[in-house]
Amino acid sequence: MSSGLEVETLEGGALRRVRLATPPANILDEAKVGALREVLREAADERHLKAILLEAAGPHFSYGASVEEHLPGRFESMIAAFHALVREMAESEIVWLAAVRGRCLGGGLELVALCDRIFAAPDAGFGQPEIALGVFAPVASVVLAERVGRGHAEALCLGGETVGAEEACRWGLVDETADDPAAAALAWARRCLLPRSAAALRLAVRAARTGLARRIRDDLPAVERLYLEELMSTRDAVEGLEAFLAKRPPVWEDR
């Protein structure tokens with residue numbers, strides 16, 4: 001796909017493999033977000049589809065969302081598109097699997113945190129570095145605590161801490177480590193999902209995600225307004241983003 005995704009259908013339509021395909025950073029720009037939403041729209045009409053595996057080409061899963069698209073004049077559109085994708089993932093009735101190698105940062109981790117089962121290579125590293133740029137991660141602020149608890153979620157979101165695969169596994173962020181996480185994810189899907197009824201799985205997914213979907217519907221809009229209306233009106237948010245793009249240290253004014 002020209003949007004930076006590669007999509008492959010497996011097992012006669014029961015599995016779909018979706019690969020972020022703009023290595024090495026696999027940046028999540030608005031075009032890629034739109035393509036992921038299209039994958040979801042197509043999946044909704046395919047009654048035999050049981051799971052989607054989300055992975056990435058190259059040494060890293062994703063460095064996160066496009067910083068350029070978070071600058072004034074562009075961030076409103078990007079945030080709206082990304083949050084629409086998040087809502088659609090949470091409300092979809094497909095099992096989502098993630099296979100992570102290398103860096104999984106920012107918006108990349110926010111997408112992975114929505115998946116039902118996460119497989120990681122030993123070299124994987126997970127982080128929410130937005131705070132270092134003078135901003136915060138809206139989706140992670142709402143969903144991460146469900147997987148790792150409030151303390152670990154705040155270590156990631158407030159401290160900008162990055163954790164390796166082993167620690168992420170202890171936290172509950174990662175379900176399984178493997179040298180080839182995509183192969184491990186597909187093996188799990190073939191063992192645990194393929195023998196099941198797709199109709200039953202879809203209803204089970206809807207039931208299991210009831211709380212998550214409700215929390216995203218109820219809480220994410222308020223966090224989004226905080227980001228759009230208050231955070232992006234601060235001087236430091238713009239300074240942090242511009243400093244990152246200029247490859248210089250930010251100069252904070254604390255306002």
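1. Helices and strands in this note are DSSP runs, helices (H or I) having at least four residues and strands (E) at least two, numbered from the N terminus. The model under discussion is predicted. With elements named in this way, α2 (75-91), β5 (103-105), α3 (107-113) and α9 (235-246) each contribute at least two residues to the lining of the largest pocket.

2. The volume of the largest pocket is about 510 Å³. Its lining comprises 28 residues, and those closest to the pocket centre are Y63, G64, A65, V67 and L133. Helix α2 provides the largest share of the lining, four residues. Sorted by class, the lining consists of 18 nonpolar, six polar and four charged residues.

3. The second largest pocket holds about 150 Å³ of space. Its lining is made up of A113, L114, C115, D116, V143, E146, R147, A208, R209 and L212. Here helix α4 (residues 138-159) is the main contributor, with three residues. Six of the lining residues are nonpolar and four are charged, while no polar residue takes part.

4. The sheet deserves a separate description. Six strands form an open sheet with mixed pairing, in the order β1-β2-β3-β4-β6-β9.

5. Strand β1 (residues 5-10) pairs with β2 in the antiparallel sense, over six bridges. Within this pairing, E8 is found opposite R17 of β2. The hairpin of β1 and β2 has four residues between the strands, and E11 adopts a positive phi near 50° there.

6. On the pairing of β2 with strand β3 (residues 51-56), the sense is parallel and the number of bridges is six. R16 stands opposite I52 in β3. Together with helix α1 (residues 30-44), β2 and β3 make a right-handed β-α-β unit.

7. How far is strand β2 (residues 15-20) enclosed by the rest of the structure? Buried denotes a relative accessible area under 20%. Six of the six residues of β2 are buried, so the strand is largely enclosed by the rest of the structure. The burial applies to both faces: L15, R17 and R19 are buried on one side, and R16, V18 and L20 are buried on the other.

8. Turning to β9, strand β6 (residues 117-120) runs parallel to β9, and two bridges join them. In this pairing A120 stands opposite T177 of β9.

9. A search of the whole structure returns one aromatic pair. The pair consists of F136 and Y227 in an edge-to-face arrangement, with 5.4 Å centre to centre and 75° between the planes. F136 belongs to the loop between β7 (125-127) and α4, whereas Y227 belongs to helix α8 (residues 210-230), so the pair ties together parts that are 91 residues apart in sequence. Y227 has a relative accessible area of 2% and is buried.

Key:
Residues are numbered from 1 along each chain as its sequence is written. This is a predicted model: local features need pLDDT of at least 70, side-chain atom pairs count only at pLDDT 80 or more; totals for chains, interfaces and linings use all residues. Side-chain values use heavy atoms; hydrogens and water are left out. On a 1 Å grid over the protein atoms alone, a cavity is a set of points where a 1.4 Å probe fits but cannot get out, and a pocket is an open set with protein on both sides within 12 Å along at least five of seven lines; lining residues have an atom within 4 Å of a point. Grid points are joined across faces, edges and corners, and a volume is the space filled by probe spheres set on the points. Ala, Val, Leu, Ile, Met, Phe, Trp, Tyr, Cys and Pro count as nonpolar, Asp, Glu, Lys and Arg as charged, and the others, Gly among them, as polar. Buried means under 20% relative accessible area, exposed over 50%, partly exposed in between (1.4 Å probe, protein chains only). Two strands pair if DSSP finds at least two bridges between them. A crossover is right-handed if, with the strands pointing away from the viewer, the path from the first strand over the helix to the second runs clockwise. Rings of Phe, Tyr and Trp (its six-membered ring) pair if their centres lie within 6.5 Å; planes under 30 degrees apart count as stacked, over 60 as edge-to-face and the rest as tilted.
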